[in-house]
Amino acid sequence: MTSVIIDCDPGHDDALAILLAAKHLDVLGITTVSGNESIDNVTSNALKIVEFGNLTDIPVIRGAEGPLFRDAVYASHVHGKSGMDGAEIPEPTTKLQEGHAVDFIIDTAMSTSDLVLLPMGPLTNIALALRKEPKLRDRIKLMSIMGGSSTSGNYTAAAEFNIYVDAEAADIVFRSEIPILMSGLNLTRQVLAKQEHIDEIREINNSTAQVIADLLTFYLGTSTRHSHDGAAMHDPCAVAAMIDPTMIEFEPMHVVVETTGTHTYGMTLCDVRPGSVKSKPANMEVAVTIDSDRFFKLLIDTLRMY
Ligand code: BDR
Ligand code: CA
């Protein structure tokens, strides 16, 4: 089984991603990063997820309190004040694992063969780890990242939220030369949870699925209020890419992060000119299409396993 660390900012879709990963991959730890909400809130949410998912054997380690150089930006317009509104979940009693996420990532990478990172929030922890331990880039087999877009953004017209929040961190990570699979908005907007999916999840006879149905109801509400046709399954796409890459089509591209643009800060500029003599060599595989039906079958079948 592939060994992974999930670096996240839960987040409704982060919660689904964790539950999906935990039944198919060897999750060595969940590290948190300021993103959808403050580091306190997202760390508390991660502990709640391992509790309602009966996954408390997976350690949760707190990470960066904010971006490398900029003020924190949150997404309460999507995920609510707690970062994971919509379900009645008791305050967690599970203790955090001591230490910092950055050290956990470094130490685990140094002692684990073929480690895969699954970053689902701003890339602050990963960038800090790469700067603290340059040998890290030779120890990580692959990163399957939810972030960016080869088309339009969501936080701004140009930029996707995870990259916008800490574009300088994303720039460090994208230039690390570690193999990357990028699941950006161009992909994740192809998998939209709708009321029919929530109804199917509601019928699953376990308490974890009931919490997810409540969370998805909230997330679908904010998504439709923002004129989307459903709730995009952003973060679980990056997990699905590791579990069953045959449901996703990738294209090699050269991708850079805009860190200075007046109107385009945080944009992932994807060179979609295949084979052009002007193109630089590809530095990642960009996910371009996904089989939505197969994705939802995997997700819902997995929720039945809880
Ligand atoms: C990303 O931003 C967050 O709100 C989601 O959890 C996802 O990681 C989508 O832009
Ligand atoms: Ca996220």
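Which residues lie nearest the centre of the largest pocket? They are Val-78, Asn-154, Tyr-219, His-228 and His-234, out of 29 lining residues.

Some ground rules. This is a predicted model, where local features need pLDDT of at least 70 and side-chain atom pairs count only at pLDDT 80 or more, while totals for chains, interfaces and linings use all residues. Residues are numbered from 1 along each chain as its sequence is written, ligands are numbered from 1 in the order in which they are written, and side-chain values use heavy atoms, leaving out hydrogens and water.

A pocket here is an open set of points on a 1 Å grid over the protein atoms alone, where a 1.4 Å probe fits, with protein on both sides within 12 Å along at least five of seven lines; lining residues have an atom within 4 Å of a point. The volume is about 450 Å³, meaning the space filled by probe spheres set on the points.

Ligand 1 sits in the largest pocket (more than half of its atoms lie within 2 Å of the grid points). Residues around ligand 1, with a heavy atom within 4 Å, include Met-120, Glu-160 and Asp-235.

Now the polar contacts, pairs of N or O atoms within 3.5 Å. The side chain of Asp-13 has an N or O atom 2.7 Å from a ligand 1 oxygen. For His-79 the distance is 2.9 Å, and a polar side-chain atom of Asn-154 is also 2.9 Å from an oxygen of ligand 1.

Note on methods. Polar contact = N/O pair within 3.5 Å; in protein donor to acceptor, adjacent residues only side chain to side chain.
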